[in-house]
Amino acid sequence: MAFWILQLAMSFRTTDRMLTSGLWWIAILWLGMFGGAVGSFLTVVWDRLGTGEGFVVPRSRCPECDHLIRWYHNVPVVGWLLLGGRCYDCGSRIPVKHPLIELAFALLFILAGMATPWL
Ligand SMILES: [Zn+2]
């Protein structure tokens, strides 16, 4: 899977001009962050579907100890890595599906962006 994604990414026409362009990298970074946020939102939808809870409100909290998740721990992929996959307050495990789905959507958005004529 990772190899297939890498091969697909390499098949896009990246030129030296693109790779040395700061704007190109900013666009790629922005697409990755936006994709990660979309993936993060979709895991919330997955977890809350059928529970009667809203998808935006209430804010994210630990299902074990009910503590609100701090905004800097809620950054897609990075937050999970910083916490070592555990809740900051109670130490219970945060399912690995969260960073994996966020990462998958980040890559998907980057590849979709690279497939457009603008990048
Ligand atoms: Zn907790």
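Which residues of helix 5 are buried? In this predicted model, the buried residues of helix 5 are His98, Pro99, Ile101, Glu102, Phe105, Ala106, Leu107, Phe109, Ile110 and Met114. The chain that holds this helix has five helices and zero strands, and buried residues make up 17% of its 119 residues.

**Overall build**

- Read from the N terminus on, the elements of the chain follow the order α-α-α-α-α, in keeping with the count of five helices and zero strands.
- Among the contacts in the chain with a separation of 6 or more, 62% are accounted for by residues 24 or more positions apart.

- The largest nonpolar core consists of eight residues, namely Leu31, Ile101, Phe105, Ala106, Leu107, Phe109, Ile110 and Met114.
- Helix 5, which covers residues 97-114, gives the most to this core, contributing seven residues.
- With its 18 residues, helix 5 reaches 25 Å from its first C-alpha to its last, which is close to the 26 Å expected at 1.5 Å a residue.
- As background to reading such a helix, an α-helix has 3.6 residues a turn, so residues three or four places apart point the same way.
- The buried residues of helix 5 also include His98, Pro99 and Glu102, while the core itself is made up of Leu31, Ile101, Phe105, Ala106, Leu107, Phe109, Ile110 and Met114.

**The loop between helix 3 and helix 4**

- Pro58 lies in the loop between helix 3, residues 22-48, and helix 4, residues 78-82, and the peptide bond that leads from Val57 to Pro58 is cis, with omega near 5°.
- Asp66 is also found in the loop between helix 3 and helix 4, and although Asp66 is not a glycine, its phi is positive at about 70°.
- Asp66 counts as exposed because it has 9 C-beta neighbours inside 10 Å, and a residue is exposed at 12 or fewer.
- Val77 is likewise found in the loop between helix 3 and helix 4, and its phi is near 60°, a positive value in a residue other than glycine.
- Val77 is partly exposed, because 19 other C-beta atoms lie within 10 Å, whereas a residue is buried at 20 or more.

Terms used:
Residues are numbered from 1 along each chain as its sequence is written. This is a predicted model: local features need pLDDT of at least 70, side-chain atom pairs count only at pLDDT 80 or more; totals for chains, interfaces and linings use all residues. A nonpolar core is a set of buried Ala, Val, Leu, Ile, Met, Phe, Trp, Tyr and Cys residues joined through C-beta atoms within 7 Å. Helices (H or I, at least four residues) and strands (E, at least two) are DSSP runs, numbered from the N terminus. Two residues are in contact if their C-beta atoms, placed from the backbone, lie within 7 Å. The expected span of a helix is 1.5 Å times one less than its number of residues.
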